[in-house]
Amino acid sequence: MENQKHIPVLLNEVMRLLNPIDNGVYIDGTFGNGGYSLYILQNFNAKIIAFDRDSSVLNRVDEFKKLFGNRFMFFQDTFSNILSNMEKNNINQVDGLMLDIGVSSMQIDNPERGFSFRFDAPINMEMGKNEFSAFEVINNFSETELANIFFEFGEEARARQIAKRIISMRNDKPIKTTFDLVNVIKAMYGEWQSQKIIPKIFQAIRIFVNDELGELKKVLSDSYNILKNGGRCVVVDFHSLEDRIVKNFINENCKSLNNNSRYLPDIEQKQKRLFKNLQKSVIIPSALEIENNPRARSAKLRGFEKI
Ligand SMILES: C[S@@+](CC[C@H](N)C(=O)[O-])C[C@H]1O[C@@H](n2cnc3c(N)ncnc32)[C@H](O)[C@@H]1O
């Protein structure tokens, strides 16, 4: 397969944690260019059930269907709907669930998608069909709503000032493109300081538009019903807000393995023993991987197993 637009991040480490086997069934919740799925399908006589909310992966899906036939199945849907799709289609609990969250290179490098502050394009940022696009958020939301989005999802201290300026700019004319937004920030803080602020504002809007944190919380809480006993979930995330959610989920649900208290009531103990943690500390890419694929630099991998 020639198509190598998105380099799979932490591929070896993901596979080591997931530990795929022949006859296993694995869900790839973030199919993208299919890097993880391809590795499993080529190396094991296993099945993949893939999900992606973005219709732009459909050509790649067709290639996979041709190559792997009924070992490969695809749903164009969000990963928060994995469980409901399994129920609707009578799919049994699976051996593994892979999540590689965030944007793909195909999304960020395509100027028309309006994700990137490097290209001038209509500001959109939708991964799939959402309630609203980035354009609608920036041009219709109130000053307080915008400030909260920038602060909560971009951890940007100047959230309020930026929201205020956006409101006054858009009163003159709508903020239509990525560069319109970039220029608002540059006019406030200058070229140099803006380089740190712009990525945070873009990240905040993208997370909000795609409800990325809500999606992650939902799939993690569904993972118990998605996986069979002994099934594993591995998550690659790319920023601290996501990583905090994964880390907290693991701490809350795997804790009692190494912290069994005989004073806790039975129910509480049982609830806390849903999963076991698969590694002592978070896994990050090697210097060599980052050199070959700079986009891997902020990746973090964590995993847990249903018990
Ligand atoms: C980082 S890429 C995955 C790359 C893939 N592992 C590979 O090796 O090619 C993330 C993909 O997940 C999809 N995605 C992000 N959030 C999603 C969600 N909540 N539900 C379904 N797909 C999602 C994006 O559309 C994108 O195609």
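Modeller: Axes are lines fitted to C-alpha atoms, for helices over the stretch in contact, with angles running from 0 to 180 degrees between N-to-C directions. Helices (H or I, at least four residues) and strands (E, at least two) are DSSP runs numbered from the N terminus. This is a predicted model, in which local features need pLDDT of at least 70 and side-chain atom pairs count only at pLDDT 80 or more, while totals for chains, interfaces and linings use all residues. Residues are numbered from 1 along each chain as its sequence is written.

Biologist: At what angle do the axes of helix 10 and helix 11 cross?

Modeller: The axes of helix 10 (residues 212-226) and helix 11 (residues 240-254) cross at roughly 20 degrees and come within 10 Å. Helix 10 is therefore roughly parallel to helix 11, a term for angles under 35 degrees, where over 145 is roughly antiparallel, 65 to 115 roughly perpendicular and the rest oblique.

Biologist: Which residues of helix 10 and helix 11 meet?

Modeller: Contact requires C-beta atoms, placed from the backbone, within 7 Å. Leu213, Leu216, Lys217 and Leu220 in helix 10 meet Leu241, Glu242, Ile245 and Phe249 in helix 11.

Biologist: How is helix 7 packed against helix 9?

Modeller: Helix 7 (residues 143-154) and helix 9 (residues 178-209) have axes 8 Å apart and pack at about 100 degrees, which means that helix 7 is roughly perpendicular to helix 9. Ile149, Phe150, Phe153 and Gly154 in helix 7 meet residues of helix 9, among them Ile201, Ala204 and Phe208.

Biologist: What is in contact with Leu97, leaving aside neighbours within four places in sequence?

Modeller: Leu97 is then in contact with Ile27, Gly29, Ser223, Ile226, Leu227 and Cys233.

Technical notes. Contact = placed C-beta atoms within 7 Å.
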